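Please keep the model open beside the text as you read.

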Amino acid sequence: MTALSALPRPTAEQLRLPLERHVVGEAFVTSDSNAEAVRVLARWPDGAGAVLALHGPAGSGKSRLAADWAERVGAVPLNGAEAAVMDPLELEGRPVLLDRAADADDESLFHLINLANSGGGALLLVSRSAPRQWSVDLPDLRSRLDAVRAVSIAAPDDAVLSAILRARFAERSITPADDVIDYLVRRLDRSAETAAIVVAQLDALHRPVTRVLARQVLDAMDAALDTDI
């Protein structure tokens, strides 16, 4: 019997996991992969510009870091296309967080940037790529995006991925040994989403989470990917 056939297949509900999740009170882990972004956001708005872009790959923790900033400064949180339905008068002079910023339409982005630059406000744009790489049609918006200060956050390194795994296990009241965490960190893709899926797979087995079980689950997942290719 192969490792794949020996393991039950989690249901779609078990695998329908968001890219970014965190437990209330869970600390954001700072490491080489995100230290510069953490430093900049801790002091921003700082007079160096009313608009800032935070960009990085999926699962890197950028939305979480941005949400912590929004809570600290009392920013209005928006997500992508939501920018089109907001009344500018409600945002004037206030800090605004726009997650999935590249999904917003040109006019909404243009007005949000102008609003932030008019004085008293601030706009944090969060996306996977830097604003210079976004495809837009408005020439005036193009020039504004090219001028936006940007800070990047990298895919989770070992320290961040280890913290993500421990947090996802804690959500399910599982406390694996350190050697299990170390093993998973060495084998997993640098992604919070992958970490969450693996933890869900392990939890679905209803067995003590050991290094042997972790290896079986990861081998089964690898075999399934090979089958799909």
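## The model and its overall make-up

This is a predicted model, in which local features need pLDDT of at least 70 and side-chain atom pairs count only at pLDDT 80 or more, while totals for chains, interfaces and linings use all residues. Residues are numbered from 1 along each chain as its sequence is written, and side-chain values use heavy atoms, with hydrogens and water left out.

The chain holds 11 helices and 5 strands (DSSP runs numbered from the N terminus, with helices being H or I of at least four residues and strands E of at least two). Of its 229 residues, 44% are buried (under 20% relative accessible area, with exposed over 50% and partly exposed in between, for a 1.4 Å probe and protein chains only). Among contacts (heavy atoms within 4.5 Å) with a separation of 6 or more, 71% join residues 24 or more positions apart.

In soluble globular proteins, nonpolar side chains tend to be buried together. A nonpolar core here is a set of buried Ala, Val, Leu, Ile, Met, Phe, Trp, Tyr and Cys residues joined through side-chain atoms within 4.5 Å. The largest one has 24 residues, and Leu-98, Leu-123 and Leu-125 touch the most other members. Two or more residues come from each of β1 (51-55), β2 (76-79), β3 (95-99), α6 (106-117), β4 (122-127) and α7 (139-146). The top contributor is α6, with 6 residues.

Take a look at Leu-123: beyond its neighbours within four places in sequence, its contacts include Trp-44, Val-51, Val-96, Leu-98 and Leu-112. Another core, of 23 residues, lies apart from this one, and Val-185, Leu-213, Ala-214 and Leu-218 are among its members.

## How α8 meets α10

Helices α8 (residues 158-171) and α10 (residues 192-204) pack with their axes 9 Å apart, at an angle of about 40° (axes are lines fitted to C-alpha atoms over the stretch in contact, and angles run from 0 to 180 degrees between N-to-C directions). That angle makes α8 oblique to α10, because angles under 35 degrees count as roughly parallel, over 145 as roughly antiparallel, 65 to 115 as roughly perpendicular and the rest as oblique.

From α8, Leu-161, Ile-164, Leu-165, Arg-168 and Phe-169 meet Ala-192, Ala-195, Ala-196, Val-199 and Leu-202 of α10.

## A buried loop serine

Ser-33 sits in the loop between α2 (12-15) and α3 (35-43). Is Ser-33 buried or exposed? Ser-33 counts as buried because its relative accessibility is 11%. Leaving aside neighbours within four places in sequence, Ser-33 contacts Ile-153, Ala-154, Ala-155, Pro-156, Asp-157 and Val-160.
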